[in-house]
Amino acid sequence: MRADARRNYSHLLAVARDVVTEHGANASMRDIARRAGVGLATLLRHFPTQEALFEALLRTNLDALTEKAGELETSNPPDEALVSWFREGVAFVDSYSGVVALMASAHADPDSPLHASCTAVHAAGARLLLRAQAEGTARADMDGDDLFALMSALGWLVGQPSFAPRADHLFHVIASAILTNRSSNDVKKATRRSAPIARAPHPDVMQRRSRPVKAPGRAPRAASTVE
């Protein structure tokens with residue numbers, strides 16, 4: 001891809017990210033094109049369908065979540081690595097409305113362009129869980145699918161306005177259930193390097209920012225001409 005085409009592609013993804021963060025799976029392709037300052041035909045040349053656009057957005061974040069698991073596995077104690085990654089996953093699920101259904105569908109469909117990335121995330125979480133189980137710090141009666149299900153459920157739950165203020169409390173309740181013989185204080189210690197749960201605003205960077213879980217949508221970017 002030429003440098004100018006790559007810039008155009010990145011610009012469209014950045015604008016789409018803002019719109020999808022605000023509207024979730026119901027984001028309009030026309031609205032994305034309008035905010036990007038391009039015609040719908042230009043957007044469709046890069047992303048022929050809404051599904052293709054979502055795949056491009058989510059794949060980057062899923063791959064980053066997998067890479068994060070590898071980093072934590074080599075630099076953190078098993079229990080801390082597991083719970084820190086779990087927090088990252090919850091924040092990602094909360095990033096986009098509708099992402100849980102998309103990920104579940106992709107994981108079950110080998111033909112989905114997102115299947116490989118979803119499978120890698122499942123495997124990364126399962127590996128961290130097994131490492132903690134081997135040390136005796138995570139309960140033995142759960143597997144990677146259970147971990148992913150809890151991450152998805154909690155990510156969806158804390159995105160609901162009525163539960164958002166209790167996001168960190170709910171996280172500690174679930175984390176305490178995953179770890180064995182740990183008090184609430186122990187769980188907090190295991191996640192001492194993690195900031196409070198917050199929506200991941202940029203799928204290229206798995207990081208937390210000090211803002212409420214249900215962060216309002218960001219202001220649209222200034223329109224620019226991209227052809």
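Which residues in α9 are buried? They are Ala167, Leu170, Phe171, His172, Ala175 and Ile178. This is a predicted model. The protein has 10 helices and zero strands. Of its 227 residues, 48% count as buried.

**Overall fold**
- Along the sequence, the pattern reads α-α-α-α-α-α-α-α-α-α.
- Contacts with a separation of 6 or more are counted here, and residues 24 or more positions apart account for 69% of them.

**Nonpolar core**
- In soluble globular proteins, nonpolar side chains tend to be buried together.
- The largest nonpolar core here holds 56 residues.
- Phe47, Leu82, Trp85, Phe86, Phe92 and Leu147 have the most contacts inside this core.
- Two or more core residues come from each of α1 (3–23), α2 (29–36), α4 (50–75), α5 (78–95), α6 (99–108), α7 (115–135), α8 (144–157) and α9 (167–178).
- The top contributor is α4, which gives nine residues to this core.
- Phenylalanine 86 touches Leu147, Leu150, Met151, Leu154, Phe171, Ile174 and Ile178, leaving aside neighbours within four places in sequence.

**Helix α9**
- α9 is built from 12 residues.
- Its first and last C-alpha atoms are 17 Å apart, close to the 16 Å expected at 1.5 Å a residue.

**The α4–α5 pair**
- α4 and α5 pack at an angle of about 170°, and their axes lie 9 Å apart.
- Angles over 145 degrees count as roughly antiparallel, so α4 and α5 are roughly antiparallel to each other.
- From α4, the contact uses Leu58, Asn61, Leu62, Leu65, Lys68, Ala69, Leu72 and Glu73.
- From α5, the partners are Ala81, Ser84, Trp85, Glu88, Gly89 and Phe92.
- By type, the residues of this contact are eight nonpolar, three polar and three charged.
- Trp85 and Phe92 belong to this contact, and both are among the residues with the most contacts inside the core.

**Helix α1 and its end**
- α1 has 21 residues, which should span 30 Å at 1.5 Å a residue.
- The end C-alpha atoms of α1 are 30 Å apart, which agrees.
- Glycine 24 follows α1 and has a positive phi, near 65°.
- Alanine 14 lies in α1.
- Is alanine 14 buried or exposed? Its relative accessible area is 12%, and the cut-off for buried is under 20%, so alanine 14 is buried.
- Alanine 14 and isoleucine 32 are 18 residues apart in sequence, and their C-alpha atoms are 9.9 Å apart in space.

Methods. Residues are numbered from 1 along each chain as its sequence is written. This is a predicted model: local features need pLDDT of at least 70, side-chain atom pairs count only at pLDDT 80 or more; totals for chains, interfaces and linings use all residues. Side-chain values use heavy atoms; hydrogens and water are left out. A nonpolar core is a set of buried Ala, Val, Leu, Ile, Met, Phe, Trp, Tyr and Cys residues joined through side-chain atoms within 4.5 Å. Buried means under 20% relative accessible area, exposed over 50%, partly exposed in between (1.4 Å probe, protein chains only). Helices (H or I, at least four residues) and strands (E, at least two) are DSSP runs, numbered from the N terminus. Contact means heavy atoms within 4.5 Å. The expected span of a helix is 1.5 Å times one less than its number of residues. Axes are lines fitted to C-alpha atoms, for helices over the stretch in contact, and angles run from 0 to 180 degrees between N-to-C directions. Angles under 35 degrees count as roughly parallel, over 145 as roughly antiparallel, 65 to 115 as roughly perpendicular and the rest as oblique. Ala, Val, Leu, Ile, Met, Phe, Trp, Tyr, Cys and Pro count as nonpolar, Asp, Glu, Lys and Arg as charged, and the others, Gly among them, as polar.
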